[in-house]
Amino acid sequence: AEKIGWRTLENIIRDKRPDVIAAGEPQAFFFHETLKVFTLAKKINPDIITIAGGTFFSSLPDYVFETNPCLDFIVKGEAEITFSELIKAFLEKKDPALIKGIILKKDGKPFFTGERPLLKNLDDLPMPNYGLLPLGKYFWYRHPYQTYFPLNMFFYEQKKWPSVVIETSRGC
């Protein structure tokens, strides 16, 4: 949405000087972009903590850790509670290995801290704060033959519609 490139991202990381960079992939075939972010972050500051999430990282931790020294942690499964506990552990200088749902490097090998129970009620999670995003820059292009909206079917020009994806359940 922001249409930034790698040089701009590098400048943002240099200017903001984050302690942690977390990213995931919406589909497994985008994992390499996430790893590029982590590699860039570690090039700028090797002490930046990198955290990955998503199906690719969760299902292939051995491969990811062996081939990508830029990765520090993987949050496996539902991340809302796990991620916040991990950040809290960093702030309080506690051992992240005590948090369920984390894969980390221990003695040079991936170590899984154990499954975190699934959330029983997704309604317990707060609503996302969409005010933090530049929503006016997110669009979905409607093909003229699609009938998702009650528009005149003879309107053959491609239109841009503001959009955001809302997941209403978990799993595939």
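Colleague: What should I know about the model before we start?

Modeller: It is a predicted model, where local features need pLDDT of at least 70 and side-chain atom pairs count only at pLDDT 80 or more, while totals for chains, interfaces and linings use all residues. Residues are numbered from 1 along each chain as its sequence is written, and side-chain values use heavy atoms, with hydrogens and water left out.

Colleague: What does pLDDT say about the protein chain?

Modeller: pLDDT is the predictor's confidence in each residue, from 0 to 100. The protein chain averages 84, and 80% of the residues score at least 70. Confidence is highest in helix H1 (residues 6-16), at a mean of 97, and lowest in strand S6 (residues 139-142), at 60. Over residues 152-156 pLDDT stays under 50.

Colleague: What makes something a helix or a strand here?

Modeller: Both are DSSP runs numbered from the N terminus: helices are H or I with at least four residues, strands are E with at least two. On that basis the protein chain has 5 helices and 7 strands, in the order α-β-α-β-α-α-β-α-β-β-β-β.

Colleague: Why is Ala89 called buried?

Modeller: Buried means under 20% relative accessible area, exposed over 50%, and partly exposed in between (1.4 Å probe, protein chains only). Ala89 has a relative accessible area of 5%, so it is buried. Its place is in helix H5 (residues 80-91). Across the protein chain, buried residues make up 28% of the 172 residues.

Colleague: Which residues does Ala89 touch, leaving out those up to four places away in sequence?

Modeller: Ala89 touches Lys94 and Ile99, where a contact means heavy atoms within 4.5 Å. The C-alpha atoms of Ala89 and Ile99 are separated by 8.6 Å, with the two residues 10 apart along the chain.

Colleague: Why does Thr113 count as buried?

Modeller: Thr113 has 9% relative accessibility, and therefore counts as buried. Thr113 sits in the loop between strand S5 (109-112) and S6. Not counting residues up to four places away in sequence, Thr113 touches Pro96, Ala97, Ile99, Lys100, Gly101, Ile102 and Leu104.

Colleague: How do you know that Thr113 and Gly101 make a polar contact?

Modeller: A polar contact is a pair of N or O atoms within 3.5 Å; within protein, one must be able to donate a hydrogen and the other to accept it, and residues adjacent in sequence count only if both atoms are side-chain atoms. A polar atom of the Thr113 side chain lies 3.2 Å from the backbone nitrogen of Gly101.

Colleague: Ser58 next: buried or exposed?

Modeller: Buried, because its relative accessibility is 15%. Ser58 is in helix H3 (residues 55-59), and a polar atom of its side chain lies 3.0 Å from the backbone oxygen of Gly54. Beyond four places in sequence, Ser58 touches Ile74, Val75, Lys76, Gly77 and Ile103.

Colleague: Why is Pro61 called buried?

Modeller: Pro61 comes out at 17% relative accessibility, so it counts as buried. Pro61 is found in helix H4 (residues 61-67). Its contacts beyond four places in sequence are Ile74, Ile103 and Pro110.

Colleague: What is the phi of Lys3?

Modeller: Phi of Lys3 is near 55°, a positive value in a residue other than glycine. Most residues other than glycine have a negative phi. Lys3 is in the segment before H1, and at 81% relative accessibility it counts as exposed.

Colleague: Where is Arg17, and why is it called exposed?

Modeller: Arg17 lies in the loop between H1 and strand S1 (20-24). Its relative accessible area is 68%, so Arg17 is exposed. Arg17 has a positive phi of about 50° although it is not a glycine.

Colleague: What makes the lining of the second largest pocket nonpolar, polar or charged, class by class?

Modeller: Ala, Val, Leu, Ile, Met, Phe, Trp, Tyr, Cys and Pro count as nonpolar, Asp, Glu, Lys and Arg as charged, and the others, Gly among them, as polar. By that rule the lining of the second largest pocket has 10 nonpolar, 2 polar and 3 charged residues.
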